[in-house]
Protein chains: 2
Amino acid sequence: MTNPLLLPELREMLAENDVEGMQEFCTTLHPARAADFAEGLGVQEIWRILDHAEPERRAEIFHYFEPEKQVEIIETIDLDLISPLVADLAPDDRVDILKDVDKAVVDELVPRLPADERRDFVRLRAYPEGTAGAVMTTDFARLSDDMTVSQALDEVRKQAKEKETIYYVFVVDQEDHLQGLVSLRQLVLADSDQQIENVMKRGLVTVSVTDDQEDVARKLARFDFLAIPVVDDEDRLAGIVTHDDVIDVVIEEATEDAHRIGAVEPLREGYLQTSLYTLTWKRLAWLVLFFLGALITALVMREHEPPSVVLVWFMLFVPLVISSGGNSGNQSASLIITALTTGDITRRDWSRVVVRELIMGLLLGGVLALLGFFSSWLIVAEMVPNPAVTALVVGSTILLVVLCGTLTGSILPLVFHRLGWDPALMSNAFVACIIDIVGIVIYLYVASLLLG
Amino acid sequence: MTNPLLLPELREMLAENDVEGMQEFCTTLHPARAADFAEGLGVQEIWRILDHAEPERRAEIFHYFEPEKQVEIIETIDLDLISPLVADLAPDDRVDILKDVDKAVVDELVPRLPADERRDFVRLRAYPEGTAGAVMTTDFARLSDDMTVSQALDEVRKQAKEKETIYYVFVVDQEDHLQGLVSLRQLVLADSDQQIENVMKRGLVTVSVTDDQEDVARKLARFDFLAIPVVDDEDRLAGIVTHDDVIDVVIEEATEDAHRIGAVEPLREGYLQTSLYTLTWKRLAWLVLFFLGALITALVMREHEPPSVVLVWFMLFVPLVISSGGNSGNQSASLIITALTTGDITRRDWSRVVVRELIMGLLLGGVLALLGFFSSWLIVAEMVPNPAVTALVVGSTILLVVLCGTLTGSILPLVFHRLGWDPALMSNAFVACIIDIVGIVIYLYVASLLLG
């Protein structure tokens with residue numbers, strides 16, 4: 001989040017080449033703050049300031065820049081200067097950022113990384129986006145189980161510098177199979193000559209490299225972990241997902257869901273960072289689809305035109321009928337989609353959900369039908385000879401359409417979930433589009449039935 | 001999340017009074033797992049099993065039960081038996097749970113708590129829901145700055161048992177003013193005779209007890225903290241909010257937003273745990289409101305009835321026109337609401353947002369208007385003498401309605417945010433309701449203008 005507050009001071013430091021000032025800027029502030037303040041500068045200016053930070057601190061500040069800025073810096077600055085910085089990034093961040101960097105630059109950059117980082121990069125890059133493998137870090141502290149607590153503490157001190165967290169230390173055997181976990185809390189509290197195998201927790205909750213990042217987030221949140229171990233298909237410890245990455249995943253997934261429910265293809269970047277060109281495509285595809293749906297409504301109405309005596313009042317209540325169904329359907333869809341996302345309902349609850357939404361449809365539809373009955377009577381009282389029939393048509397149509405809405409809004413997200421699709425694809429516009437067509441058909445059918 | 005897998009075994013243990021088995025059940029599993037497995041039992045059965053756990057472990061397992069189960073246990077079990085358990089809960093959890101317990105029970109229970117816990121409870125209860133004060137815990141480790149690292153480690157070991165985290169230790173002066181922070185990582189890595197004041201981080205990012213929990217979550221997520229200190233209005237350290245509570249806040253707020261956007265008043269409990277009675281009220285209020293909005297649409301149409309020669313084709317395109325506007329408006333609202341929630345846009349970006357949505361409205365509206373022009377021409381080709389005029393009415397109406405949709409969908413959430421309301425109140429149904437009315441008026445106006 002760009003903060004222009006210090007821009008004039010930073011520009012002055014650069015103009016005067018105030019080395020001490022730039023060093024202080026890099027070291028005193030929290031790296032996230034420093035990134036926010038420097039974000040407004042040009043790439044070359046940013047690099048001149050970062051040049052005055054220790055390599056480790058430089059990587060920390062860099063980590064907090066907006067993704068587009070990071071990409072721009074890597075693509076602009078000389079590769080010999082930038083490669084040590086890329087080497088210092090956390091392995092999961094490195095993969096994330098380089099995904100958006102020009103392929104030619106990446107191909108030149110990767111051979112300049114130290115062998116360890118290069119291997120890590122190639123391995124992590126292989127995991128598809130959205131899986132545990134793609135969000136995990138390989139920088140975790142590890143021990144073997146034949147140590148004492150004091151030996152373990154010495155070992156952790158040795159590893160600390162390059163590890164993302166040392167609060168959870170994982171105990172593995174010779175082949176990297178996960179044996180257990182000791183927290184730094186346990187190490188600090190235990191007697192120093194105790195054996196690690198007697199202190200560590202066994203039977204850990206783990207996730208697999210191919211698990212969906214949403215499941216990883218759900219497990220970590222449920223168990224209040226600081227990090228959750230990720231194992232590969234041969235049950236070896238491949239990495240860990242830490243609490244801060246999980247918060248990012250939760251926010252990312254919630255934003256994605258909200259966009260999908262609003263019928264926008266999820267954006268890769270922030271709203272203001274996304275170009276109008278991209279935004280147009282992410283919105284237009286869905287709009288055109290639902291436009292075609294609405295054309296079907298028009299065609300249905302053309303084919304089943306009501307007799308001209310009822311045409312006027314029939315038309316009056318078209319928006320009322322379809323919006324009642326659409327709104328109640330959207331309520332059901334929102335409730336079911338969030339309940340599926342938070343793990344609040346699962347596949348086994350299918351029948352309970354349908355029964356509940358059937359009852360809700362009857363209750364809500366019943367109340368709205370009564371309201372519709374009386375209000376339509378009043379509205380057409382002086383227009384038609386027999387307003388009671390009109391009122392009956394409108395009332396019964398509303399009941400049926402609302403019932404249809406709650407059932408469509410609840411069943412379709414369940415079906416999507418069952419098929420392995422994102423239930424949030426069942427957007428509000430999608431529900432509305434279906435209910436528009438179905439609602440008009442019901443309305444026409446009820447009208448022709450009651451009017452003979 | 002109830003897991004019925006072990007229910008038969010648990011019932012057998014209870015029937016045979018298998019003390020060893022129950023003890024093992026309580027100690028071996030992660031407390032969250034144990035709670036999931038025991039959730040399906042009756043309250044008395046659960047209590048008989050928990051009775052075989054150490055008091056601390058009992059509180060841990062209890063923490064993971066669903067809120068309704070926790071309330072039921074506290075209201076059912078003898079107060080002398082339950083009060084030590086309530087005393088062992090984390091202070092923030094205690095306040096959360098007791099909020100839902102019968103007031104008479106709470107009044108009897110609170111005097112049985114140890115003096116410290118009682119004071120904490122009364123203080124924390126005073127903070128309104130949704131503030132930092134209401135989610136913070138008061139169980140944090142603290143030090144004064146005149147210690148050496150090895151003295152500090154000894155002190156942390158002493159405090160560890162009753163603290164929620166010892167990974168962040170807060171340094172305070174005599175009056176509890178926050179001086180700085182040392183992490184356990186720093187303590188373990190620093191020389192043991194260094195002074196704390198030379199090791200600790202100063203100038204911490206803090207939040208105030210009255211800050212919105214969403215802001216707290218945003219800060220912790222931005223800075224990748226394990227916990228964030230909460231200060232009162234006299235700048236004294238009142239508590240900390242930990243990473244696990246922040247994940248819960250993020251999930252809770254995302255769910256609340258999704259419900260609001262779907263026009264459902266946020267639920268306090270899960271979908272399946274909420275009674276149909278409550279669910280009806282949380283949905284009906286909004287449905288009736290938007291029903292009344294749709295009535296206005298009907299009244300507008302009655303007052304401005306188009307001439308009977310155009311009535312048929314006019315009616316055909318009512319759903320098409322209003323759904324195009326509603327869908328594009330919903331897209332804008334979803335984008336702006338999520339961007340406001342994630343802090344991606346702020347008040348200063350107001351004018352940029354409006355300009356972008358104006359351009360988007362022209363682009364999207366332009367494409368849909370062209371589609372509308374040609375498709376309406378085809379549909380009415382054999383119905384009216386001059387289909388080109390019809391096509392022109394439909395096309396220009398769509399352009400104006402979509403423009404209206406993107407502007408309404410973007411400006412209203414910004415206005416809500418400015419007024420201090422939740423922008424998510426600008427639900428999809430709300431946008432659709434406004435666009436229904438405005439859309440019909442535009443449609444009627446354009447038709448009468450072009451038809452002379």
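A cavity, as the word is used here, is a set of grid points where a 1.4 Å probe fits but cannot get out. Keep that in mind as we walk through this model, which is a predicted one.

Searching the whole structure turns up 5 cavities of 30 Å³ or more. The second largest cavity has a volume of about 50 Å³.

The largest cavity has a volume of about 250 Å³. Its lining is made of 20 residues, and those nearest the centre are A:A432, A:D436, B:S323, B:A432 and B:D436. Which elements give two or more residues to the lining of the largest cavity? They are α19 (318-341) and α22 (428-450) of chain A, together with α19 (318-341) and α22 (428-450) of chain B. By class, the lining of the largest cavity divides into 8 nonpolar, 10 polar and 2 charged residues.

With both chains in view, let's turn to how they are related. Chain B can be superposed on chain A by a rotation of 180° with 0.0 Å of shift along the axis, leaving an RMSD of 0.1 Å. This is the relation of a two-fold axis. Both copies use the same surface, since 100% of the contact residues of chain B recur in chain A.

Now for the interface itself. In it, 121 residues of chain B are in contact with 121 residues of chain A. The size of an interface is often given as the accessible area lost when the parts come together. On the chain B side, B:R222, B:Y271 and B:L272 supply 8% of the area buried against chain A, more than any other three residues.

Charged pairs span the interface too: 4 salt bridges are found between chain B and chain A. One to look up joins B:E357 to A:R283, where the closest N and O atoms are 3.1 Å apart.

Conventions:
Residues numbered from 1 in each chain as written. Chains lettered and ligands numbered in written order. Predicted model: local features only at pLDDT ≥ 70, side-chain atom pairs only at ≥ 80, totals over all residues. Heavy atoms only, no water. Least-squares fit on C-alpha atoms with pLDDT ≥ 70 in both. Contact = heavy atoms within 4.5 Å. 1 Å grid on protein atoms, 1.4 Å probe; cavity = no way out; pocket = protein on both sides within 12 Å on 5 of 7 lines; lining within 4 Å. Points joined across faces, edges and corners; volume = space filled by probe spheres on them. Helix = DSSP H or I, 4+ residues; strand = E, 2+ residues; numbered from the N terminus. Nonpolar A, V, L, I, M, F, W, Y, C, P; charged D, E, K, R; others polar. Buried area = accessible area lost by both parts, 1.4 Å probe. Salt bridge = Lys/Arg side-chain N within 4 Å of Asp/Glu carboxyl O.
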